[in-house]
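Trainee: I've got a model open and I'd like to talk through its main features. Where do we start?

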Amino acid sequence: MIEILKKIDNTIFRWINVKFRNKTFDKIMPIITSAGNLGIVWIIISVLLMTKQDYRVLGQMILMALIITTILGEGIIKHIVRRSRPFQDKEEKLLINKPITYSFPSGHTASSFAALAVFLQMNGKLGLIVSPIATLIAFSRVYLKVHYPTDVIFGMLLGFTCGITVVSFLGRMVF
């Protein structure tokens, strides 16, 4: 079963890196992925939201979801799974600096989808605006050859789960 998943993972990885490869994406994907570095775009948005009374709780929920997602993904799961990154098995020139942590799950994706889950639950209109940003950050990780598709899929699931959990549990205490 694991071998079949690896084969599918590698096939999708190669397909994305052949089908979508072009000079325009080579320029914009590093910019898009850098927005997800350390969850910075989501932290900035959260802080800005917290400066407005009407959006303070939304900003706080996003920060809490980011913290929990980071602890689980970066602090625990990556160190249990210890999956190497796609470029580590090959001599490839990357368009970004080589990440030094493990591959599974994608932290950029997990934080993006944790923020997205909170937005969708608390303010659907803002969630629709955030959705393409989160999706592009996730896609950029495979395009830039630093994650396999399953790293990104699990990052989406982890982030969404953490975002939903934060709003479900903390939302009851706040509202």
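Mentor: With how elements are named: helices (H or I, at least four residues) and strands (E, at least two) are DSSP runs, numbered from the N terminus. This is a predicted model, so local features need pLDDT of at least 70, side-chain atom pairs count only at pLDDT 80 or more, and totals for chains, interfaces and linings use all residues. Residues are numbered from 1 along each chain as its sequence is written, and side-chain values use heavy atoms, with hydrogens and water left out.

Trainee: How many helices and strands does the protein have?

Mentor: Reading from the N terminus, the elements go α-α-α-α-α-α-α. That makes 7 helices and 0 strands.

Trainee: Which helix gives the largest share of the lining of the largest pocket?

Mentor: A pocket here is an open set of points on a 1 Å grid where a 1.4 Å probe fits, with protein on both sides within 12 Å along at least five of seven lines; lining residues have an atom within 4 Å of a point. Among the 28 lining residues, the closest to the pocket's centre are Gly36, Asn37, Leu38, Glu74 and His108. Two or more lining residues come from each of helix H2 (23–35), helix H4 (56–81) and helix H5 (107–122). The largest share, 8 residues, belongs to H4.

Trainee: At which residue does H4 bend?

Mentor: Bend means the angle between axes fitted to the seven residues ending at a position and the seven starting there. In H4 it comes to about 25°, at threonine 70.

Trainee: Is leucine 38 buried or exposed?

Mentor: Find leucine 38 in the loop between H2 and helix H3 (40–50). Its phi is near 55°, a positive value in a residue other than glycine. The relative accessible area of leucine 38 is 80%, and the cut-offs are under 20% for buried and over 50% for exposed (1.4 Å probe, protein chains only), so leucine 38 is exposed.

Trainee: Which peptide bond is cis?

Mentor: Look in the loop between H4 and H5, where proline 105 lies. With omega near 0°, the cis bond is the one from phenylalanine 104 to proline 105.
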